[in-house]
Structures are given as structure tokens and as C-alpha cells.
Amino acid sequence: MAVKKINKKNIAKVLAVWRREYNIIVPSMATDVPAFSEWDGEDISFLDWYRNTAVPPKSVVLPPMEKMMSFRKEKDGYKTEVSVNEDKQIIFGIRPCDAKGLAIIDDVFTNGYEDYYYASRRRNTLLIGLGCTNPQESCFCTSMDVDLATSKDVDIMFNDTGSEFIAEAFTAGGEYLLKITTGLKNATGTDMKTAKSVELEAKNKLTRALDTRGVSKKLQACFNNEDFWKQVAAKCVSCGICTFLCPTCFCFDINDEMVRKQGARYREWDSCSFRLYTRMPMENPREEKWRRVRQRVCHKFEFYPMNVDIFACTGCGRCIRLCPVNWDITRVIAGLPRQSDVKEKASALKG
Amino acid sequence: MIIANPKKEKKYLNRDNVYLPHMVLIDKIIEETPSVRTIHFHFKDDQMNRDFTFEAGQFAELSVPGTGEATFCISSSPTRKGPLECCINRVGLVTNALHRLGVGAEMGFRGPYGNHFPLESMRGKNIVFVGGGIGLAPLRSLIWNILDERDKYGKIYIIYGARSAGDLCFKYDLDTWQQDKTISTVIAVDKADGNWTGKEGFVSAVLKEESPRADNAIAVLCGPPIMIRNTFPVLEELGFSPEQIFTTLEKKMKCGIGKCGRCNIGNLYVCRDGPVFSYAQIKSFISDEY
Amino acid sequence: METELCNEAGRLLEEGAVDYVIGFAAGSLKFTTTPLITSDKNDTVNLVNNRFITNNLAKYLLEIKGRVGIIAKGCDSRSIVSLIQDKQVCREDIVIIGIPCAGLIDLAKVEKLVGKDRDLIDDINIADDKAVITIDGKKKGFEARQVLFDHCLSCEYPVPREYDVLIESPVNKIRDDEAGKKKIRELQKMTPERRWAYWKEQFKQCIRCYACREVCPACFCERCFVEESQPRWISPAPQWQDNLVFQVIRALHVAGRCTDCGECERVCPQNIPLRSMSAEMCDLVEELFDYKTGLDKSALPLMTSYEPVEAEGLIR
């Protein structure tokens, strides 16, 4: 299908067409922070201010909390009802970093045993990517093999040319959306050139970088360097912001509730940063903070790539921007000891 | 974009939903110790009772609806049709709730998950079982599995211990095994009280004393982490290579299927790549968190 | 002023008076600072003192044992005193380097004021009671009170009262309690139904990241009540009801320990106005018990001490 173009003034009309069949989820400031929420049918002012949200769009397919099933105790036993969301929906405006994060979560949740709830939402979700024009100072996507102007993990990719968007569909779902939007003109060669120069201008605005060469090996070498990790972890406060706001993080907990004879099983976001995450009755392998910080860094840059050959980090920068203490993964990775520097000695710093 | 043709697991799904438990009913409860009980149960769904199979070493997620889910190894043998068995140590919210259930009560069951003991590679060999406390539960599944196919295996040693006589689990099995002339069974307690007539000492020390031969043998151990860590060097001293030693590791689990993230040791997930690991694999772990 | 600070901190490490120094260093983003925890005297040259030193460093005293030199603003030093009262920190173990603080810049306020994200702003400068924000080379003037944190506007103790060393600096403190408590007064004027509806909407956004709890020095419990499973007081799942209960109970637990440092509200990724709960709690504590946190290290902690002359008749 040819690349189409849409005037920014007509976006509301296009979304309205799609809204007949899909829930439309767009960036919004309704809750005083940029967040993805259901479109009200009118407001497209987000096109003016949207750079990226606080909570990533993973929350649309893997919400902070969801009910998995409800129980009712009856005379002949428990009656279980499964609740699942299968509404067709479109996430409009997902950035390439977040789209790649979603692809990583897709892989984990649909391989092996399929995660029933995630898969139900995800297979009914179409992603409309939006190329960045104004990356933030915390962004470092290009260091993580993410192109801020395109993504192979979306159904349609929108790119800014100033007054218009060019839209390229990559999947059957994307093509369908462009097909039902009648009257779309094809993008011209000039449009494509303009989009490319906008893309270049955006890339030139990136100020942050992370050198990933040899990082897995470096991490393997310093795994037991307690001194190093205690230093790295010293200012971390073990909250869940970096993990909850990370587009590639997906850890969850499952808990039940029951009041008299009715109850439910929920799953909610959990974090490897929390002290109780790995706690067992007799021991906790990550009681100390430095072990949890080490786990997080190594999972993203060593363990996950060992299994899937992709870093579990897409350079969105939220962890840096929103961390209460400005703990910065790019600085940590840059500060990894060179293999020859590995020292192992006891430290007076506890915790 | 969902991966086209992902490797799909579909075994024993309830309504296609891996998180939806099958409901089971408790047939029998054996109070092993003041804090440990074994529950025998069967599926409410007769088709499941007919179809369900598993392999020794695998685990399941048992739940009390409304209280929560927890991970337990299946301690009955796959060679026997009939009720499944799980051994439960009363330590927290869910296990306390499981201990309050009576015969006829209903629980949730999800499983079997994880890998299993490599029976094929054990055929024709002598098997040395080393167990501590409630760690006998997963071993028991394998022991009965092997005893039910006795002629496929060589000599069997069972070295089992607990903190005290009151902490010994599966006493009825221990009695049976002690009567079996083809098995060398040694039972020890860490601290003997006046009535104990058996051996006293840690399991690793007893193992050293018994010194089973390593040639053509496989060792399988399970128990508290400290016992496992102390037993590895003893086995190596006896001449067991790391490839000849197997154990089953325990970590905090929730989903049981490699999604919730918490049971990882480095890049491996105990629920998916374990819980059975060889010592050779453990030695090559890139993380020390086990 | 910064030189004096660096020298003092360096001297403490050099002379072996402390094992660690906790202070602020320049952050990796514009207009940020980050805690600096170091045992190396050469690191102390990186210490900064500016309008962005927001963290309440007292929190780190709970985990860094041994002798520690700690840089403290007014609110931080009160938190330290409160921890001393609760016997979480030993006064003899710490050397408090007090820095007077004229108020810190609230980047969220600045962003709303100029309609631009913080990384697109060139400079934010405060001199006396005026603030100048530079964007694309163009300067815009504001009142300083428009860019300072609400809790800074309400602050009564800009100069630390408990210290070993006080770094001298003129403090042109702007106090505007009315502006600082405006949001709280608005809430107080609401009917209970409207206020309930307001907080319900706010707590629907809470994702239970616990950042508010983890940055708070008053939250020093080894095991927080939300982590108890027997009995399970609230669900770990972020339903608005449980979120609200979490925050209300947290506000009750920190009563008498909270110094209105504003960190809980600043760090919340969902912009939930948590200070509207904790600051009101401070006011209530003052009104009911005539007590302000962290002013007297030898005083008994407010909520955990009992005297036979208690006002409540039911305890005899």
C-alpha cells in the first residue's frame, strides 16, 4: 500500500472514522501528567505538546491491575468466572521506543504458555506509531538500536512533515485502517524528503548516548564485585518508578481477595526493586539493595540478551527523568569497570 | 505484533487459560509433622483424572480461592493413577490457609510446570538420594517412580535427615524403604532426643560416612539450601562429577510459567528451565542467587 | 559558599571524623541534583549547593551506618532530629553540615508558568524576590514566589536549627504561607463529599510505586504495613480504595515525624498532590498537640510516648 498523507487539521476526522470500530487511546493531560487514555472524541491538542508520557503505553495491554477471575463459593463448590477485555482498540501516537518495548513484552507473554489476558488485549490492539520530532534530554533510543523515526513493531507509522503526517502501513490491520479512511492522498516524493529532514533534525537533538559494546561481558565480569554494586546502588531508594515506567518491564504479582463468599484473583505490577519481591519464608536472595540494583541492570543488559539477543532497554529515558534521585542507567553502564579493573573486596557500606 | 507461530504450550489448560486453575477435592490429609502435611487430592473433572500425567520433579500451583496461590512440587509418583499428592509446610498466608482445609475441601490446581528429573539418563545406574527435611517431597516422587520400575535401575541409596525426629517426613515411606532389602536406607537427625536410636548428624556428614560409590551412579539431592550447598562438595569428594549430580532448586514463584519474572537465577527461570538442575548447570550459573 | 561546603566535607573525611559524606552533586539532567554518597575526600569537590537540592538526605542515615557527615537544609535537619528522637539515628554518629536554604525551585510550577518542558528552558535564576527564566535566549521575569515549591513558601525554618557546622550564607527567605497552603485551604473548604470525590479521582492514578514512602525519612519501618500478609491490611493491587487507605494510614503514621519537606509530592510520577495530606497533617499536629517536628532532639517523639497526665480519659 502506498504511503498516505494526512493533514494535521484532519486528524480528529480520521480518529472519528476509526472510532466507529475501535476504542481510540491517545496521549492526554486529563490527569495532570501526560498519559495514554481514551480519546474524548474532540481534543487533539496533544499534537502540540506530546513528547512522551510518564506511564508508558504498555499500561493499555498490561494494566497496573487487572482482575483475572472471580470466585463465588456455592454449595457444590467454587464457581469461577474469567473476566477478559477483548475490546478492539487503537493506541495512537506510540513512540518507537515504547513500541519496541511492547514487542519485547509480546514475546515473553505469548511464547510458551500464552498469557490469556495479555494476549486477549494485545491481539485486539492496533498500534499507530508517531515519529519523534523533539526528543527529550533523557532520551537515548538510538543507542539502543531504536530509530526515533520508524518502527517495525507498529501497524502504521506516522511521520511529521510540518503541517501533515505521512502514514505508512506495515500490517494488514494498518492497511485496513488506512483503507476505511476514504480520501487520503498519497504522499509525494517531496513529502518523503521533508519527513526525512524532520527526522534528521530530531536525531540531531539527541544529547544522550550509551555505548553498549561489550556491556554483557563487562557485567558478567563484575557480577561479584560487591564494592562496585554497593556504590552504584548507594543512592537508590528501592521504589518502583524505574520498573513501573519502563516500557520493557513486565514483572507482576498475583493476589487473591475474598469477602465472605465472593472473591477475585488479580494481577498487578510488581518490581524487582522491591525488597519483598524474591522473599521466601526462610530466605531472601535479594535482601540487600545492591543485589536488587544489580539484578535490574544485569537483567536488562546481560540476562535478557542472553535469551533473546535484544537489550531489554529501548532508551526512552523515563527511568532517568522520573527517578526521585536521578539514578542514571547511562552513567552506570558507562562506569562499568573494565575487565582489568575488577576488584573484589569487602566494604564498610552496608545496605 | 504478536510473534507469528510462537511455541505454544497447551497442555491441561482450563478453558484455554493458563491462569485458570482446575478445581480439585481433598481425599486425605496426613499430618507429617506439626507444620507439614501431605494432601491427597483428585480433580473434580473426571476427564482430567483420566488424562492427567506429569513427570517426577515437576511442580504445581495450588490455591485457596480468595487467599492466594503457592508453589508445591508433586510428591506422588507419576507411575500411579489415583490421587495426586503435595506436601505443604505451614509458613505463610497461603500455606496456613491450606492447613485449615479439611477432607472434602476444594482447592485450585495449575500444572504440571517445570522440567523433570532425567529418568532416561538414570536407567541402569545406581541412584543415591540425599534428602533433608521437607526436601524429601520431590525426591519421593522420583523414588517411587524408580521403585515402580525397579528392574530398570541399579542399587538405590536413600540418605535422609531432618532437624529432629519430630521433623522427619513421610515416616510411612521411610519404614517401607527400610524394610526393602534392595535399598540401603539411612536416616539421621541433626539433634537426637532420648528416644532416637538411629544416626545423629547432618545429612552431608552421614553421606560421607556411607560413601556410596560414584561409578555408574547418579546422585539426586533436595533439601534446605544450606544442606544442598554442603552436600555438593561431599559428593564431589566421593568422585561424583557435576554431571552426575542433580537437585531441585526453590525460589519464590508466582505464575509458574516464566512470565512474572521473579524466579530467575541470571538468565534462567527456575519455573521454566528448572526446577531440576544438574550441578554442572549450577556451576555454570552466571548468578549466585540460589 | 559552595567552596566552603566542599572544603568542610573534604576536611571531615580527611581527618577521619566521618566515614561517609552525604550531600548533593550536579545531576545528569538540567536543573537537577543527585545525592552524593562518598567515602572519598576527592569526591567532595563535586558537592553543590543551589536551588535544586530537593532530596531529603536524612533518609540515607537509616541505611548508612557508622560515622556520617550529612549536608542538611532546614527541613532535612528537622528530619534528622526526628530520627534522633525515634532513636533511629545516634546524634554522636553524625556531623551535620547545615546549609541555610531560601527555597527551592519547583520545576513543575516553572513548566506550567512558561508552558515549556524543563529541558527546553535555558536557565532559571532567582535573585532576591525576583525570578528570571530564559527560553531561547529571551528572558522572562516573574515573582520568585511563583517558581518556589509550595512547601518552601510555607517553610518557617530556612536555617537549620540542629547542626555541627553552619555554612554561612545570606538567606533571603520569601515566606508566603497563604500561597504555600492554597491548595490545602481549597480542599478544606470543600464539603466532605466533594473532597472524597476529589481524592478518589486522585488515587485512581496511583500505581503503588511507593516512591513517596521510600523517599520519606519518617517512613523507617523495616516492614511497612502494606507488606503484611497475615493479616493483609490492604490489597497490593492498586485499586483506588486500597491506594487511598495506604496514603491515609501513611499520613497517620508519619504524624509528628513529617517536616513538610515536600519530597513525597515531588517524586510522585502521577502528580498526586500528596503534600495536601501530609502538610495538613502537620497543621493538625500543631493544632492538637502544639508540636512541630524536629525542633528539640531531646523531646520524646510525639506519637509514641505516653505520660500519665494524658488528656484522653480512657487510658488510666
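The model is predicted: local features need pLDDT of at least 70 and side-chain atom pairs count only at pLDDT 80 or more, whereas totals for chains, interfaces and linings use all residues. Residues are numbered from 1 along each chain as its sequence is written, and chains are lettered from A and ligands numbered from 1 in the order in which they are written.

Along the principal axes, the C-alpha atoms of chain A fill a box of roughly 70 × 65 × 35 Å. Of the 351 residues in chain A, 51% are buried. A residue is called buried if 20 or more other C-beta atoms lie within 10 Å of its own, exposed if 12 or fewer do, and partly exposed in between, with C-beta atoms placed from the backbone.

Between chains B and A, 41 residues of chain B are in contact with 47 residues of chain A, where contact requires C-beta atoms, placed from the backbone, within 7 Å. The elements of chain B that give two or more residues to this side are β1 (8-9) and β5 (68-73). By class, the side of chain B has 15 nonpolar, 11 polar and 15 charged residues. Here Ala, Val, Leu, Ile, Met, Phe, Trp, Tyr, Cys and Pro count as nonpolar, Asp, Glu, Lys and Arg as charged, and the others, Gly among them, as polar.

Strand β7 (residues 112-113) of chain A pairs with β1(B) in the parallel sense over 2 bridges; strands pair if DSSP finds at least two bridges between them. Within this pairing, E9(B) is the bridge partner of Y113(A). In β5(B), 6 of its 6 residues are buried. G68(B), A70(B) and F72(B) point one way from β5(B), while E69(B), T71(B) and C73(B) point the other way. Strand β4 (residues 59-64) of chain B runs antiparallel to β5(B) and is joined to it by 6 bridges, with F59(B) opposite C73(B). These two strands form a hairpin with 3 residues between them, and G66(B) in the turn has a positive phi of about 95 degrees.

Chain C is divided into domain 1 (2-104 + 160-289) and domain 2 (105-148), with bounds from an automatic or database domain assignment. The C-alpha centres of these domains of chain C lie 24 Å apart, and 10 residues of domain 1 are in contact with 11 residues of domain 2.

A nonpolar core is a set of buried Ala, Val, Leu, Ile, Met, Phe, Trp, Tyr and Cys residues joined through C-beta atoms within 7 Å. In the largest core, of 255 residues, those touching the most other members include I128(A) and A219(B). I128(A) is found in strand β8 (residues 125-130) of chain A and counts as buried because it has 26 C-beta neighbours inside 10 Å.

Technical notes:
Contact = placed C-beta atoms within 7 Å. Helix = DSSP H or I, 4+ residues; strand = E, 2+ residues; numbered from the N terminus.
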